[in-house]
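Q: Could you help me look at how the parts of this protein meet? I'd like to go through it piece by piece.

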Amino acid sequence: MTFTADKLLLFGATGDLSQRMLLPSLAALHADELLAEDVKIIGTARSELTDAEFRSFAREALEKFLPADRRSGMAEFLGRLSYQPLDATTLEGFDALAEKVGTPDRGLAIFLSTAPSLFEPTIKGLQHAGLDGANVRMCLEKPLGTDLESSCAINDAVAAAFPEDRIFRIDHYLGKETVQNLLALRFANIMFEPLWNAAHIDHVQITVSETVGLEGRVDFYDDAGALRDMVQNHMLQLLALVAMEPPGNFDATAVRDEKVKVLRALRQVQAGETVTGQYRAGAINGEAVRGYDDELGKESGTETFVAIKAHVDNWRWKGVPFYMRTGKRLPERVTEIVVQFRDVPHSIFADKGARMIPNRLVIGIQPEENVQLSMMAKVPGLDRDGIRLRSVPLDIAMPDAFSGTVRRIAYERLLLDLVEGDQTLFVRRDEVEAQWDWVDAIRAGWADQALSPQSYTAGSWGPSAAIALAEKDGVSWHE
């Protein structure tokens with residue numbers, strides 16, 4: 001059932017995500033007149049706030065996290081907001097919440113940003129209060145479990161109240177403009193798709209590096225680690241978008257069908273195809289930083305870095321390695337995809353002393369959104385001593401290529417899609433479970449091998465073994 005919701009209920013409305021992303025995104029959508037005038041936003045959390053106090057809280061968040069040039073109509077936006085305190089662990093407060101929400105004219109969208117342990121009692125409370133009808137859709141913020149078993153338990157609890165076509169599992173990376181542009185790059189340009197296969201691509205690299213450490217996520221991160229925090233969701237989604245077959249059309253079912261085929265084709269990782277690490281004291285941007293165990297206040301076996309050599313066992317990608325790495329306290333904050341093409345089969349310039357460098361496509365996702373394609377070109381000159389060739393980058397910086405357009409927060413698109421009911425950029429249950437199945441096998445392998453994280457200095461690119469993981473195949477990480 002397709003409907004545009006006129007009520008949006010935010011669980012965890014006083015949390016960090018709400019302050020940094022949800023409220024600023026909704027205010028920006030309001031400023032651009034992308035939210036219908038009658039859309040009302042109800043916040044709920046344990047904090048005892050009145051409507052006026054919640055609006056004051058929201059104003060402070062917007063002044064801190066939303067650029068000043070995107071705050072037009074702030075008073076009108078704050079007028080959309082109301083608040084209802086709730087302890088989600090008990091059914092008692094849900095009737096009052098339902099009364100606060102009222103009866104929507106068109107439909108209700110619920111954004112659930114709470115601890116996973118609260119998912120099941122929250123769903124039961126919504127059912128108890130009648131907030132699970134045919135005109136209600138549910139959005140779930142990660143983490144969706146810690147392994148396949150716990151993920152299935154969460155999904156089963158949600159499925160007891162909401163069918164799959166009304167469940168929106170969010171991965172904010174899919175809301176980033178450059179991630180969506182990956183699909184346009186592949187499927188809207190005739191020159192790439194014929195080359196997008198094992199015959200022409202040597203390997204693919206996916207890097208998600210962070211300069212920060214724990215940053216207030218102590219308890220969550222030490223339970224999760226880099227594999228479950230980043231690889232299981234963001235990085236596997238990026239891999240799926242790179243490797244998927246062309247969908248029949250651009251709708252939720254077609255796109256997600258092709259992604260899940262890739263995830264199910266992932267070969268089980270073998271011994272020697274992963275490297276884990278944990279940062280020690282070092283320096284980031286010239287400033288001394290503590291090691292992970294110092295920040296945590298105790299010794300831990302949790303990995304803050306992981307590198308993986310993955311394979312997609314299907315016709316298109318047979319024999320093409322996908323190198324993935326992610327970690328904290330690395331030298332740069334960057335998310336990028338590197339597609340390394342093979343060399344030309346025969347160089348007609350070899351006798352003239354020219355050295356060939358294979359073409360490379362670099363898709364930058366953050367902090368800068370750009371696409372760079374390296375091409376071979378002749379260096380100007382008379383060539384009396386031989387022909388000189390040089391790799392020349394063709395750059396498309398998205399903000400420059402589309403000047404005048406607004407650079408949006410990823411959650412803006414996703415929240416608008418939630419309100420309007422478009423699931424294309426959300427993750428389906430079978431995707432989530434295919435991701436967990438692959439990641440669980442890696443963790444089981446680590447346990448069997450008694451593998452513990454190797455130390456690396458903060459400010460470096462991880463353990464030296466991560467460099468060796470690629471270099472033993474003749475590959476260098478793109479830095």
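Q: To start with, what is the count of salt bridges between domain 1 and domain 2?
A: Keeping in mind that this is a predicted model, the count between domain 1 and domain 2 is one salt bridge.

Q: Which residues form it, and how far apart are the closest N and O atoms?
A: The partners are Glu412 and Arg70, and their closest N and O atoms are 2.7 Å apart.

Q: And how many residue pairs are in polar contact across that interface?
A: Across the interface of domain 1 and domain 2, four residue pairs are found in polar contact, with both residues of each pair at pLDDT 80 or more.

Q: Which elements give two or more residues to the domain 1 side?
A: On the side of domain 1 that touches domain 2, those elements are α1 (16-31), β4 (108-112) and β5 (136-140), and α1 gives the most, with eight residues.

Q: What is that side like by class?
A: The side of domain 1 that touches domain 2 has 15 nonpolar residues, along with four charged and one polar.

Q: Switching topic, where do the two domains run, and how far apart are their centres?
A: Domain 1 covers 7-141 and domain 2 covers 174-472, while their C-alpha centres lie 33 Å apart.

Q: Back to the interface, then: how many residues are in contact, and what area is buried?
A: In domain 1, 20 residues are in contact with 13 residues of domain 2, and the area buried between the two domains is about 1400 Å², with carbon and sulfur atoms giving 73% of that area.

Notes
Residues numbered from 1 in each chain as written. Predicted model: local features only at pLDDT ≥ 70, side-chain atom pairs only at ≥ 80, totals over all residues. Heavy atoms only, no water. Domains from an automatic or database assignment. Contact = heavy atoms within 4.5 Å. Buried area = accessible area lost by both parts, 1.4 Å probe. Salt bridge = Lys/Arg side-chain N within 4 Å of Asp/Glu carboxyl O. Polar contact = N/O pair within 3.5 Å; in protein donor to acceptor, adjacent residues only side chain to side chain. Helix = DSSP H or I, 4+ residues; strand = E, 2+ residues; numbered from the N terminus. Nonpolar A, V, L, I, M, F, W, Y, C, P; charged D, E, K, R; others polar.
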